[in-house]
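Look over the sequence and the structure below.

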Amino acid sequence: MSLSNLLLPDEAGSSSKATKFRFIIQRFFILTTMSQKNLPEHVYTSSKIPDKPAPDWTRFVCVSDTHNKVNLKTYNVPEGDVLIHSGDLTEVGKLDQIKTAVDWIKSLPHKYKIVIAGNHDLTLDKPFYEESWNGFHHDKEDADEAINMVRNAGHGIVYLEDESFTIPENGYQIYGSPYTPRFYDWAFNGDRGSFLNEKWSKIPPTTHILMTHGPPSGILDLVATGENVGCVDLLQRIQEIKPLIHVFGHIHEGYGVLKKNWETENNDDIKSTIFINASSVTRRYKPQNNPIVFDLPPLN
Ligand code: 5GP
Ligand code: MN
Ligand code: MN
Ligand code: MN
Ligand code: MN
């Protein structure tokens with residue numbers, strides 16, 4: 001069964017896959033309702049998550065923006081098959097901070113841990129770091145070591161920088177990119193327009209789960225000044241691809257879940273994307289936002 005079939009609402013109500021998918025969407029509706037404006041610190045408690053996904057389903061657990069503010073004692077990460085971390089692993093990417101973040105992720109029980117960088121993970125952006133290291137760190141050579149630490153961490157850690165990973169057991173295709181629109185002068189910052197368009201053009205149309213550090217424009221991207229600061233260029237690419245899931249962070253105050261139905265020429269062919277802002281810390285960098293969990297059925 002193809003992904004688009006999976007997303008088709010089944011008129012006759014006879015497909016068990018479609019029914020299953022509706023079940024999971026209903027769960028997201030609950031989350032969406034709970035995540036609208038004035039977010040409580042905890043969108044849901046772990047008691048509201050079923051202990052295990054349905055048989056043959058895959059459980060994904062999303063965190064982001066952990067900024068060295070979380071550890072095993074202070075921050076509970078539910079078990080699951082795949083951990084997703086959407087960047088800002090550290091405070092400013094110092095080697096000991098990278099090591100602390102990687103050690104924490106290594107210690108988690110998930111078989112795969114898909115990780116991207118964020119604008120705070122300065123050493124992971126080698127060209128940026130080699131230009132600007134002086135303002136933050138002492139060692140110009142730290143970039144190679146930092147990148148080596150995340151790329152060769154083992155323990156199921158998969159580091160994505162504008163690249164894909166397919167989960168061998170179920171074929172779900174994940175694409176990750178660390179870039180965000182320029183805001184002051186941070187790592188993986190890109191100018192809106194042609195630079196970011198070129199980055200987003202690399203996202204394969206076959207992507208099921210998209211991971212970026214920042215949100216698309218207008219989606220879980222509202223800051224205190226009332227501006228939607230997400231990436232317009234990213235939203236355009238998402239409208240072309242319509243991934244099943246998009247996980248990001250970066251705008252901490254946008255933590256939550258939102259489901260969007262896409263209009264298509266053929267009214268029967270309703271597609272939707274579930275957007276997850278998984279920022280684990282608040283705007284004040286307090287680790288008070290729970291990981292967000294979703295379960296997906298087998299692809300075929
Ligand atoms: P971080 O520094 O961890 O990347 O982002 C932390 C906070 O900075 C966000 O929660 C948001 O309040 C603010 N921020 C990040 N990027 C932008 C941006 O592009 N524009 C504005 N106005 N605020 C941003
Ligand atoms: Mn900051
Ligand atoms: Mn150093
Ligand atoms: Mn952050
Ligand atoms: Mn960020």
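This is a predicted model. Begin where two strands meet. Strand 6 covers residues 173–177 and strand 9 covers residues 209–212. The two run parallel, joined by 4 bridges. One bridge pairing involves S177, whose partner in strand 9 is T212.

Now widen the view. The sheet is open and has 6 strands, in the order 5-6-9-10-12-11. Its pairing is mixed. Strand 5 (163–166) and strand 11 (256–262) stand at the edges. Each has a single partner strand, so one side of each is left without a neighbour in the sheet. From one strand to the next, the twist averages 20°.

A helix packs on this sheet. Helix 7, residues 232–241, touches strand 9, strand 10 (245–248), strand 11 and strand 12 (271–277). The direction of helix 7 makes about 175° with that of strand 9.

Next, take two single residues.

| Residue | Place | Relative accessibility | State |

What does S177 touch, leaving aside its neighbours within four places in sequence? Its contacts are I116, D162, W200, M211, T212 and H213. T212 is also the bridge partner of S177 in strand 9.

**Two packed helices**

Finally, turn to a helix pair. Two packed helices are described by the angle between their axes and the distance between the axes. Helix 3 spans residues 95–106, and helix 5 spans residues 142–151. They pack at an angle of about 0°, and their axes are 10 Å apart. That angle makes helix 3 roughly parallel to helix 5.

Which residues meet here? Helix 3 brings L95, I98, K99 and V102. Helix 5 brings D142, E145, A146, M149 and V150. By class, this contact has 6 nonpolar residues and 3 charged residues, with no polar ones.

Definitions and conventions
Residues are numbered from 1 along each chain as its sequence is written. Chains are lettered from A and ligands numbered from 1 in the order in which they are written. This is a predicted model: local features need pLDDT of at least 70, side-chain atom pairs count only at pLDDT 80 or more; totals for chains, interfaces and linings use all residues. Side-chain values use heavy atoms; hydrogens and water are left out. Two strands pair if DSSP finds at least two bridges between them. Axes are lines fitted to C-alpha atoms, for helices over the stretch in contact, and angles run from 0 to 180 degrees between N-to-C directions. Contact means heavy atoms within 4.5 Å. Angles under 35 degrees count as roughly parallel, over 145 as roughly antiparallel, 65 to 115 as roughly perpendicular and the rest as oblique. Ala, Val, Leu, Ile, Met, Phe, Trp, Tyr, Cys and Pro count as nonpolar, Asp, Glu, Lys and Arg as charged, and the others, Gly among them, as polar.
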